[in-house]
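Visitor: I'm new to this one. Can we walk through it together?
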Amino acid sequence: MVNRRSMLTLMAGAALAPKVALSAAAPYRLALYANVGPELWHYDVNLNTAELTRRGSVKLPANVQYAWPHQSGRALYVASSNGQSGTGGVHHATALRLDPATGEAQTMGAPVALPDRPINICTDIPSKNLLVAFNQPSSVRVLRIKPDMTLGNEVKQGKLDAGVYAHQVRVTNDNRHAILVTRGNDATPTKAEDPGALKCFDYADGRLSHEYSVAPNGGIGFGPRHLDFHPAKPWVYVSLERQNRLAMYRLTQGKLETKPAYEVDTLQNRGDVAPQQVAGPIHVHPNGRFVYVANRADGTTDYQGKKVFRGGENSIVVYAIDDNTGEPRMIQFAETGRIHPRTFCIDPTGSLMVVEHNIPMDVREGERIKRVQAGLTVFRIGEDGKLTLARNYDVDVGNGTMFWAGMVAVRP
């Protein structure tokens, strides 16, 4: 059986350039899903014109945190939370059925209550189980996925060390291992730094075992946020949020090596790093030739009695991947023109990228103040991997925030 990553690679090999169209005869309907608070909106995606057309929405039990598609392309799993702990907490995993004709999402089955805020989710490769990462307290749980794609019972685990502040969980392409990315925390005037780590497990039918930890320098000065796998080679790319770096690790016989093979900057100007400047999500291009990392900044300063953006890098960094060694080499800094690109996604053909910016912010332009809205930025991806701005969409988030966006190949 061809797994999801292999399928994306096959599709990408046949269609890479921006001119690629999603024809009426294509075996799927391309849809973008992006949230504002608890509402998850559906957009049609036109690869020819790089246009997004907003359609309907579905409301989740609380603010959307993350989502992941079923390997069939017929369902989407969404983690939601109000961010509160204790008796005031509202935390769920919800299964949504995706209409192959329209792309519209509809809740199926009852949402599954969770004990704490779920920060990230993924399915295993055949989508038989849903893995859920929690940041505080840091932990990981696994839920069965039933044959009808609804969510089932929890798969009980043995004792696991989930590190400090888990931020992502992923299953390797061969479905035999899982990695929990734990970010740690910077030191404060009253508290020492919490170490970060990559918590690695053997994985079999929803069960995690034989844990080991990859944490250079004991995890001090190591703050991983997200990782992504090369589609064909045993290479893992990790964004280091707290260090504004990109690290590349090799997998040897399925085991993550303890030291990175390569580590490079994500910033264009490291000499003037403002507070709240951090690396963000990371995605490898479906063809395996490029890797992309988001730079995020949203620090403010006072000006004319208002909080305005104090500066920093909000961009997508493009790296070419050496086909022989896996080394990432920076080839472009693409400014997004908005504040805090929290998430971004690449369509299965590798020809379009959509970047989601979660908050509006006032920005100083000379003596005047300009409001920069939250919203979506669409880039075309060239054959050389570089990004070209196609269009921007403002999104009025009101009192909410945009937190997640992703494209799904919805299949009949």
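Visitor: Which residue is the bridge partner of Val171 in strand 14?
Guide: Ala178 is the partner of Val171. A word on the basis: this is a predicted model, where local features need pLDDT of at least 70, side-chain atom pairs count only at pLDDT 80 or more, and totals for chains, interfaces and linings use all residues. Residues are numbered from 1 along each chain as its sequence is written, and side-chain values use heavy atoms, with hydrogens and water left out.

Visitor: What counts as a strand, and when do two of them pair?
Guide: A strand is a DSSP run of E with at least two residues, numbered from the N terminus. Two strands pair if DSSP finds at least two bridges between them.

Visitor: How many bridges join strand 13 to strand 14?
Guide: There are 5, and the two strands run antiparallel. Strand 13 covers residues 166-171. The hairpin they make has 5 residues between the strands, and Asn175 takes a positive phi near 65° there.

Visitor: And which residue does Thr182 stand opposite in strand 15?
Guide: Thr182 faces Ala197. Strand 14 and strand 15 (residues 197-204) pair over 6 bridges, again in the antiparallel sense.

Visitor: How many residues of strand 14 are buried?
Guide: Strand 14 (residues 177-182) has 6 of its 6 residues buried. Buried means under 20% relative accessible area, with a 1.4 Å probe and protein chains only. His177, Ile179 and Val181 are buried on one side, and Ala178, Leu180 and Thr182 on the other.

Visitor: New topic. How many cavities of 30 Å³ or more are there?
Guide: The structure holds 2. A cavity is a set of points on a 1 Å grid over the protein atoms alone, where a 1.4 Å probe fits but cannot get out. Grid points are joined across faces, edges and corners, and a volume is the space filled by probe spheres set on the points.

Visitor: What is the volume of the largest cavity?
Guide: About 50 Å³. Its lining residues, which have an atom within 4 Å of a point, include His177, Ala178, Ile179, Cys200, Phe201 and Asp202. Strand 14 and strand 15 are the elements that give two or more residues to this lining.

Visitor: And the second largest cavity, what lines it?
Guide: Gln65, Tyr66, Ile119, Asn120, His167, Arg225, His226 and Arg342 do. The space in the second largest cavity is about 40 Å³. Strand 4 (63-69), strand 9 (118-123) and strand 17 (224-229) each supply at least two of its lining residues.

Visitor: How many disulfides are there?
Guide: The count comes to 0, where a disulfide is a pair of cysteine sulfur atoms within 2.5 Å.

Visitor: What about Cys345?
Guide: The closest cysteine sulfur to that of Cys345 is in Cys122, 17 Å away, too far for a bond. Cys345 also counts as buried, at 6% relative accessibility.

Visitor: Last one. In what order do the 4 strands of the open sheet come?
Guide: The order is 28-29-32-33, with antiparallel pairing. Strand 28 (341-346) and strand 33 (387-394) are the edge strands, and each pairs on one side only.

Visitor: Over how many bridges do strand 32 and strand 33 pair?
Guide: Strand 32 (residues 375-381) pairs with strand 33 over 7 bridges. Val378 stands opposite Arg391 there.

Key
Buried < 20%, exposed > 50% of the residue type's maximum accessible area, 1.4 Å probe, protein only. 1 Å grid on protein atoms, 1.4 Å probe; cavity = no way out; pocket = protein on both sides within 12 Å on 5 of 7 lines; lining within 4 Å.
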